[in-house]
Amino acid sequence: MIEVNDLHKSFGDAHILKGITTTFDKGKTNLVIGQSGSGKTVFLKCLLGLFNYESGSISYDGKIFSKLSEDDKRNLRAEIGMVFQGSALFDSMTIAENVMFPLRMFTKQSKSEMHDRVDFVLKRVNLEGAHHKMPSEASGGMQKRVAIARAIVNNPKYLFCDEPNSGLDPKTAIVIDNLIQEITDEYQITTVINSHDMNSVMEIGEKIVFLKDGLKAWEGSNKTIFRTDNKSVTDFVYSSNLFKKVRKMYLEENE
Amino acid sequence: MLYLQDIGTYFLMIVEMFRKPTKWSVMKQLILKDIDDLIIGSLGIVAFISFFVGGVVTIQTALNIDNPLIPRYLVGFATRQSIVLEFAPTFMSIIMAGKVGSFITSSIGTMRVTEQIDALEVMGINSLNYLVFPKYIALMLYPFVISISMFLGILGGMAACVFGGFSSPDDYLIGIQTDFTPFHVTYAFIKTFVFAFLLATIPSFHGYYMKGGALEVGKASTTSFVWTSVFIILLNYLLTQMLLS
């Protein structure tokens, strides 16, 4: 479980995060949603330790990140998997080498053990036979799946995804969403996903945190988001006529 | 103020580069790859430029000697001094700032833009040690490139001398052995080691700390070339003053 308490972050005079308090549960897909510029990416980068924050605290299963020694921080980071928005695969390595990278860096496994593990995770993300391709030869959806494989290869306790569906067609986006949810459930990972994809919100949002102007404006799940009367949330989530109709039908059916 | 901040960041980067070392089995491969990219990959252009510039130095020297009292072996002597003292270590380093420096800046800068450096940091890897340290170690072989440049420059001079009819091979060979001071070679290699350090670190600094997108990668490459050249010229002056005067 990840607990965030009164998190503040500024860049110069711009106060980006204005005291966010929330928790992200183990074995659940936790979504952070909000408009562009609401502070989602800054929040995620603070969680990952890529940005220092002015005040507040972030704790990973009771361990407060800012109070850890450098070695403990490094050990904690080895338990984190991250899927970046642009996949962030290493250009100079093949797909298999990309996936193997965390194993080479953090484990003492033999080559054959590492190859077996890479085969297993690539199969898990439906990428058998793509071992020797370079990232530039893979489609956007494949690159995202490689990024997920690299993120989970070392059995992380925490998985972070920054807009994993951006730039993908709707069908591939659903495949990626389902894959993340299955992996979260299967390995009981604490997963935090930054998204503004409404399909993801409805499909896999077991917990949803809505940010607006650097503040937590609402918290709930894909079940409760239909019933909320929080205007900021309804304006954002049901901004399209299609989603307005979906919400209306849901509420009529469940009354 | 911004320049002072950049200078401070540069020195902090150098300190950080030596901390939290990457696993040796991984580092070994990175060093070998960088030796291939930065050293072996530069040999062709170094050989080509050195041979022909050596030839041009010889022709220019020969054409400017019109006094019959000046011995013909002076052509070889002047070529050797020009190549060993300045052309190979300094001029070649400025060329390498363009070739190797812009490669380092653009490759690290692209990694920054595409969040590959963030990916390393999230994994708990010291990205500066992972990216910059192997380049620094690879460029410690740079004197090897410069010794090839010296040899080919002098050989190019001899070829120009012989084929252009400016002096005989014997005169040229006497010239390159005349008044030879071994310390001049030591001086050249001291400069080379210093320039190798600059070639590894200044372009890495500009790539690692760049902000923006693809356009900024291009701008960072240009800026890194300019600053690497400036510091090579400045340190060349200081080292020459300290070691030869």
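Me: Which residue in E8(A) is the bridge partner of Tyr158(A)?

Reply: Thr190(A), in E8(A), is the bridge partner of Tyr158(A). Bear in mind that this is a predicted model, where local features need pLDDT of at least 70, side-chain atom pairs count only at pLDDT 80 or more, and totals for chains, interfaces and linings use all residues. Residues are numbered from 1 along each chain as its sequence is written, with chains lettered from A and ligands numbered from 1 in the order in which they are written.

Me: How do you know that strands E7 and E8 of chain A pair?

Reply: Strands (E) are DSSP runs of at least two residues, numbered from the N terminus, and two of them pair if DSSP finds at least two bridges between them. E7 (residues 158-162) and E8 (residues 190-195) of chain A are joined by 5 bridges and run parallel, so they pair by that rule.

Me: Why are E6 and E10 of chain A edge strands?

Reply: The open sheet of 6 strands runs E6-E7-E8-E3-E9-E10 (chain A), with mixed pairing. Strands E6 (80-83) and E10 (215-220) each have a single partner strand, so one side of each lacks a neighbour in the sheet.

Me: What makes Val99(A) and Ala149(A) contacts?

Reply: Contact requires C-beta atoms, placed from the backbone, within 7 Å. Val99(A) touches Ala149(A), and its other contacts include Val118(A) and Val153(A), leaving out residues up to four places away in sequence.

Conventions: Helix = DSSP H or I, 4+ residues; strand = E, 2+ residues; numbered from the N terminus. Contact = placed C-beta atoms within 7 Å.
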